[in-house]
Amino acid sequence: MSTDLDLENAVCPVPLPHDERIVLGHGSGGRMSHTLIKKIFRRAFSNPTLDQGDDAANVLIPAGARLAISTDAHVVAPLFFPGGDIGRLAVCGTVNDVSMLGATPLYLTASFILEEGLSMAVLQRVVESMSQAADEAGVQIIAGDTKVVQKGKADGMYISTTGVGYIQDGLSIQGANAVPGDQILVSGTLGDHGIAVLAARGELGFDTAIESDVAPLNHLVAALLASGVRLHVLR
């Protein structure tokens, strides 16, 4: 048997497109990553800053304003639950953290840790939910990253978000301002989100119609500030 190799006429097979499931190659930074970003993320999050395609976003902040910056990692199982999903949770959670300083949130970045084998349809659904939540809050997702881990190393996906906003000059809202005798305003019933997630996991032992109340609160905060109420703590 001849062991000579014919390298001159060797042909490299065209890689499979992998349009239905996430594979490790989608996190490689190569052509598959580029295709994933173009078809899923850029289509949903398109804005002039993100569409520049640079390694960092170049943005404007109002002159004289202070920055409010918050970062968050979002891990939830199942990915979808009554009233929301991990994508909506990621956007609203970070928007709200920035808003708790009385800041006006402007921009988000988002990093995705995807599990090998994740359905593209599931990813598309989560990304579209994020886009809708960002529109609702009036913020733009201006930068991001995607990595893929081996099957069984993540609960489908994890999302990390960072939010940037600005604080008007003269505004001071922070936890250290709390004092005995403060009047407390509650925006809704307590525990809805936790109950909704536990119910989706089947861990309650009973049925409930309660849905998560996950929502961006920045417009509510802006309305409170505009009303003249003396706010000095938000949580």
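Helix 1 (residues 31–45) has 15 residues, which at 1.5 Å a residue should span 21 Å; its end C-alpha atoms are 20 Å apart, which agrees. The expected span is 1.5 Å times one less than the number of residues. Helices (H or I, at least four residues) and strands (E, at least two) are DSSP runs, numbered from the N terminus. The model is predicted: local features need pLDDT of at least 70, side-chain atom pairs count only at pLDDT 80 or more, and totals for chains, interfaces and linings use all residues. Residues are numbered from 1 along each chain as its sequence is written, and side-chain values use heavy atoms, with hydrogens and water left out.

Helix 1 is kinked by about 40 degrees, centred on K38. The bend is the angle between axes fitted to the seven residues ending at a residue and the seven starting there. Buried residues in helix 1 are S33, L36, I40, F41, A44 and F45. Buried means under 20% relative accessible area, exposed over 50%, and partly exposed in between (1.4 Å probe, protein chains only). The buried residues of helix 1 pack against strand 4 (104–115), helix 3 (120–137) and strand 5 (140–149). Contact means heavy atoms within 4.5 Å.

The loop between strand 1 (66–74) and strand 2 (80–81) holds P78. A cis peptide bond joins A77 to P78, with omega about 5 degrees. Most peptide bonds are trans.

G156 lies in the loop between strand 5 and strand 6 (157–167). G156 is buried, at a relative accessible area of 12%. Leaving aside residues up to four places away in sequence, G156 touches L79, I113, L114, E115 and L118.
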